[in-house]
Amino acid sequence: MSPAGAGGRRGNRPYEGRRRPDQPPVGRGVTRSRQVAFEVLRAVDDDDAYANLLLPHRIAAARLAPSDAGLATELTYGTLRRRGTYDAIIAEASGRDVRDIDPPILDVLRLGTHQLLSMRTPSHAAVNESVEQAARIASRGASGFVNAVLRKISRTELDAWLDEITAGMSDERALAVRHSHPDWIVRALRDSLAAEDRADELEASLSADNDSPAVSIVSLPGFDSPARLVESNPELLEPGRVSPRGLTLASGDPSWVPQVKAGRARVQDEGSQLVTLALLDAKPVAPGERWLDMCAGPGGKAALLAASATDLQAKLTANELVPARAGLVRSALAPLAAPVTVTNEDGRAFAETHPGSFDRVLLDAPCTGLGALRRRPEARWRKQSSDVSELVELQEQLLEAALVAVKPGGIVAYVTCSPHQAETTAVVRRAVRLSGAQVLDAASIVARVSSASDLDLGHRPLGDGTLVQLWPHRHGTDAMFLALLRRPPESDQARQDAATRRIAP
């Protein structure tokens with residue numbers, strides 16, 4: 001098979017049928033929903049845009065009705081999620097490596113393939129609209145190419161195509177193509193599941209990454225309770241699955257919920273809620289405690305901490321390195337009127353100037369984001385295995401810094417939205433070895449915090465404690481990782497001093 005399913009980035013390659021600038025567009029039959037989806041796909045490839053941020057703006061600019069907005073959303077996310085699979089099918093149907101197809105025409109083919117194989121769009125409508133769209137951006141030769149490829153694809157069902165393109169592949173490679181993941185991500189998920197003796201869940205995990213996630217909402221402490229939010233919005237909200245402050249949007253747009261619009265409730269994955277609440281439940285909160293959110297942007301977890309700080313008489317510092325993201329943190333916290341200081345520094349440098357200053361530190365470290373592929377499907381094609389080592393080095397330094405910033409006996413929550421072993425267990429193991437920090441029983445704490453009585457957490461021991469890995473297929477959350485570490489007492493300060501000297505911004 002060609003490298004079509006690898007999903008790597010491509011440079012712009014000439015297509016022999018590209019329309020000259022002086023040629024007028026041909027055809028008028030492309031729906032606005034499809035045009036919005038096409039424009040977002042192009043921006044993702046050309047400008048490294050994030051679909052979840054760009055798509056709402058494009059929908060609003062096009063003034064799409066709710067049903068058309070839903071169609072544009074399905075076209076965009078569905079095509080991005082299944083891109084690797086569709087590229088392999090397009091390569092087979094066209095007889096070309098997809099890297100030799102002009103990128104805009106390839107996106108037209110991907111959209112058409114998604115409609116043909118994964119939606120209920122009639123074949124003639126999907127093909128004709130794709131041909132019209134190709135004619136708009138290229139020439140009649142390009143539209144003829146699109147017509148021929150999509151008509152061939154339309155003659156075979158998706159399952160039959162999958163059987164054909166994966167014939168002769170290894171089991172793992174076939175899973176990567178069938179479930180549209182790069183090979184390196186499949187290996188990372190396999191290794192992480194194997195750490196729990198759950199390697200047999202690999203296909204379920206891959207499949208869950210291609211499901212459209214429900215919108216989760218957090219009810220912030222000090223405002224309405226989750227039960228009251230459901231009572232006041234019975235047609236929009238349902239109780240959450242695993243977080244005691246979580247809710248699920250049953251229908252509509254989250255902005256239709258008055259409490260969300262007012263900032264008293266926020267859109268936030270239940271896994272993110274759980275790991276934040278676990279930090280607060282790790283030991284009783286004393287009035288006057290100081291908390292630090294070390295990498296706070298864009299402010300979701302900071303908002304939950306800030307509301308909790310007001311409720312529990314604590315003070316929060318929210319630090320963020322990137323100025324624009326620090327601005328987002330300020331905006332996220334503004335409606336709460338909470339006792340929060342927002343700083344704009346490198347977390348490693350911040351720890352050096354604030355050693356032993358905080359009772360609790362949340363380190364939501366920069367990571368590959370492999371745990372949120374349901375929500376950001378383009379991340380699987382944007383990240384490469386070579387990105388991991390650089391991120392791990394940063395994660396190690398930030399965790400060392402967090403253990404310096406926390407008081408002796410204080411607690412650090414190390415969190416990543418990734419199940420990759422190098423970004424999770426390996427980083428924690430190194431920090432424990434260098435600092436002497438105690439690993440707490442995070443699994444018991446999360447189970448105690450959770451509203452689910454049967455939360456199935458895999459067994460991940462480390463030292464005398466445990467680590468927690470959440471999974472979309474098992475818990476219905478993003479694949480959040482959590483370790484809770486207690487800084488050693490003052491009697492072991494020499495080790496902490498050595499850790500301080502190792503931090504290099």
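**A quick look at this protein chain**

Of the 505 residues in the protein chain, 57% are buried. Keep in mind that you're looking at a predicted model. The chain is built with 23 helices and 14 strands. Its radius of gyration is 24 Å, close to the 23 Å that the globule rule gives for 505 residues, so the chain is as compact as a globular protein of that length.

**Overall size and fold**
- If you draw a box around the C-alpha atoms along the principal axes, you get roughly 75 × 50 × 45 Å.
- Take the contacts with a separation of 6 or more: 77% of them join residues 24 or more positions apart in the chain.

**Inside the protein**
- The largest nonpolar core holds 51 residues, and I105, L109 and I153 are the ones with the most contacts inside it.
- Leaving out residues up to four places away in sequence, I105 touches A134, I137, A138, A142, F145 and V146.
- Apart from that core lies another one, made of 47 residues, including L220, L280, A306 and L333.

**Surface and charge**
- On the charge side, you'll find 61 positive and 64 negative side chains.
- The centres of these two sets of charges lie 4 Å apart.

Definitions and conventions:
Residues are numbered from 1 along each chain as its sequence is written. This is a predicted model: local features need pLDDT of at least 70, side-chain atom pairs count only at pLDDT 80 or more; totals for chains, interfaces and linings use all residues. Side-chain values use heavy atoms; hydrogens and water are left out. Helices (H or I, at least four residues) and strands (E, at least two) are DSSP runs, numbered from the N terminus. The radius of gyration is taken over C-alpha atoms; the globule rule is 2.2 Å times the number of residues to the power 0.38. Buried means under 20% relative accessible area, exposed over 50%, partly exposed in between (1.4 Å probe, protein chains only). Contact means heavy atoms within 4.5 Å. Lys and Arg count as positive and Asp and Glu as negative; His and the chain ends are not counted. The place of a charge is taken as NZ of Lys, CZ of Arg, CG of Asp or CD of Glu. A nonpolar core is a set of buried Ala, Val, Leu, Ile, Met, Phe, Trp, Tyr and Cys residues joined through side-chain atoms within 4.5 Å.
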